[in-house]
Amino acid sequence: MLDSLVSGTLAGTGSFRCQRCGHVVTLAAQGTLPECPGCGAHSFERASLFGPTRFSRAEAHEPAPQEDTSWLEGARAEITSTGVHIAWQDHGTTHVVALHKEWTRMGRSLAADVRFDDPTVSRRHALVVRGPDGLRVLDDRSLNGVFVNGQRVESHALADGDELVVGRYHLHVLEVTATDLAVRRGTPHASIG
């Protein structure tokens, strides 16, 4: 009986650590734990401030299962404007959003520019900021964190091909240049020598 209170998927309130990657998920109400935003696993144990592992990642763990990214080239081919975009899949549907604003807010809030209606995403989860040095993602005090290429970050520069994890969503950064569009259309373009 005690085992069901500290592991498994049915949980009360509190923080739970993924047994595979160590990602911590916090529930404010009783319910079922979601899949791990860090690796997609479904095996959790109660996280404790007083235990030997505290809130750190597991020391040794299996590698996270590889996400099927075969849809990404199709998403890139559908983009018709230059600039940086993010793409993700949700239940088999591909979504692509251009990151053209100075600030792009991501979260569960109705005010978010990129909205995810999912309990693994905080109301104000992340910000993508356009600056003189390019795009940068900032963790907006989210509960489950922001990950870029598998590493939890507070702030990180974004580049073409980066994977951004927000809650259970795996977002991919796609940069499309004028040259990319010209090649796709078969339009001759000047080469730089």
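Guide: Among contacts between residues at least 6 apart in sequence, 42% join residues at least 24 apart. Please note that the model is predicted. The chain holds 3 helices and 17 strands, and 37% of its 193 residues count as buried.

Visitor: How much accessible surface does the chain have, and what share belongs to carbon and sulfur atoms?

Guide: The accessible surface comes to about 11300 Å², and 53% of it belongs to carbon and sulfur atoms.

Visitor: What makes Phe-116 a buried residue?

Guide: The relative accessible area of Phe-116 is 2%. Buried means under 20%, so Phe-116 counts as buried.

Visitor: Why is Asp-180 called partly exposed?

Guide: The relative accessibility of Asp-180 is 34%. Partly exposed covers what falls between buried, under 20%, and exposed, over 50%; Asp-180 therefore counts as partly exposed. Asp-180 lies in helix α3, residues 178-185. Asp-180 and Arg-76 are 104 residues apart in sequence, with a C-alpha to C-alpha separation of 9.9 Å in space.

Visitor: Why is the pair of Trp-88 and Phe-116 called edge-to-face?

Guide: The ring centres of Trp-88 and Phe-116 are 5.2 Å apart, and the planes stand at 65°. Rings pair if their centres lie within 6.5 Å, and planes over 60 degrees apart count as edge-to-face. The pair of Trp-88 and Phe-116 is therefore edge-to-face. Trp-88 lies in strand β7 and Phe-116 in the loop between β10 and β11, so the pair ties together parts that are 28 residues apart in sequence. Trp-88 counts as buried, at 7% relative accessibility.

Visitor: How do you know that the pair of Phe-116 and Tyr-169 is stacked?

Guide: Phe-116 and Tyr-169 are 4.4 Å apart, centre to centre, with 25° between the planes. Planes under 30 degrees apart count as stacked, and the pair of Phe-116 and Tyr-169 is accordingly stacked. Tyr-169 belongs to strand β17 and Phe-116 to the loop between β10 and β11, so this pair ties together parts that are 53 residues apart in sequence. Phe-116 and Tyr-169 are both buried.

Visitor: What links Trp-88, Phe-116 and Tyr-169 into a cluster?

Guide: Ring pairs link Trp-88, Phe-116 and Tyr-169. The structure holds 2 aromatic pairs. Not counting residues up to four places away in sequence, Phe-116 touches Trp-88, Gly-107, Arg-108, Val-121, Val-166, Tyr-169 and Leu-171.

Visitor: Which residues touch the most other members of the largest nonpolar core?

Guide: They are Met-106, Phe-116, Val-137, Leu-164 and Leu-171, in a core of 21 residues. Strands β7, β11, β12, β13, β16 and β17 each supply at least two residues of this core. A second, separate core has 10 residues, including Leu-27, Cys-39, Ala-41 and Phe-44. In soluble globular proteins, nonpolar side chains tend to be buried together.

Visitor: What makes β8 and β14 edge strands?

Guide: The open sheet of 6 strands has the order β8-β7-β17-β16-β13-β14, with antiparallel pairing. β8 and β14 each have a single partner strand, so one side of each is left without a neighbour in the sheet. Neighbouring strands of this sheet are turned by 30° against each other on average, direction ignored. β13 and β14 pair in the antiparallel sense over 3 bridges, and Val-148 stands opposite Gln-151 in β14. Helix α2, residues 71-78, lies across β7, β8 and β17, and runs at about 45° to β17.

Visitor: How do you know that β11 and β12 pair?

Guide: Two strands pair if at least two bridges are found between them. β11 and β12 have 6 bridges, in the antiparallel sense, and a hairpin joins them through 2 residues. Ala-126 has Asp-139 as its bridge partner in β12, while Met-106 stands opposite Ala-126 in β11. Strand β9 also pairs with β11 in the antiparallel sense, over 4 bridges.

Visitor: Which order do the strands of the open sheet of 5 strands have?

Guide: The order is β10-β9-β11-β12-β15, with mixed pairing. The edge strands are β10 and β15, each pairing on one side only. β12 and β15 pair in the antiparallel sense over 3 bridges, with Val-137 opposite His-156 in β15.

Key. Residues are numbered from 1 along each chain as its sequence is written. This is a predicted model: local features need pLDDT of at least 70, side-chain atom pairs count only at pLDDT 80 or more; totals for chains, interfaces and linings use all residues. Side-chain values use heavy atoms; hydrogens and water are left out. A nonpolar core is a set of buried Ala, Val, Leu, Ile, Met, Phe, Trp, Tyr and Cys residues joined through side-chain atoms within 4.5 Å. Buried means under 20% relative accessible area, exposed over 50%, partly exposed in between (1.4 Å probe, protein chains only). Contact means heavy atoms within 4.5 Å. Accessible areas come from the Shrake-Rupley method with a 1.4 Å probe; for residues, only the protein chains shown count as cover. Axes are lines fitted to C-alpha atoms, for helices over the stretch in contact, and angles run from 0 to 180 degrees between N-to-C directions. Rings of Phe, Tyr and Trp (its six-membered ring) pair if their centres lie within 6.5 Å; planes under 30 degrees apart count as stacked, over 60 as edge-to-face and the rest as tilted.
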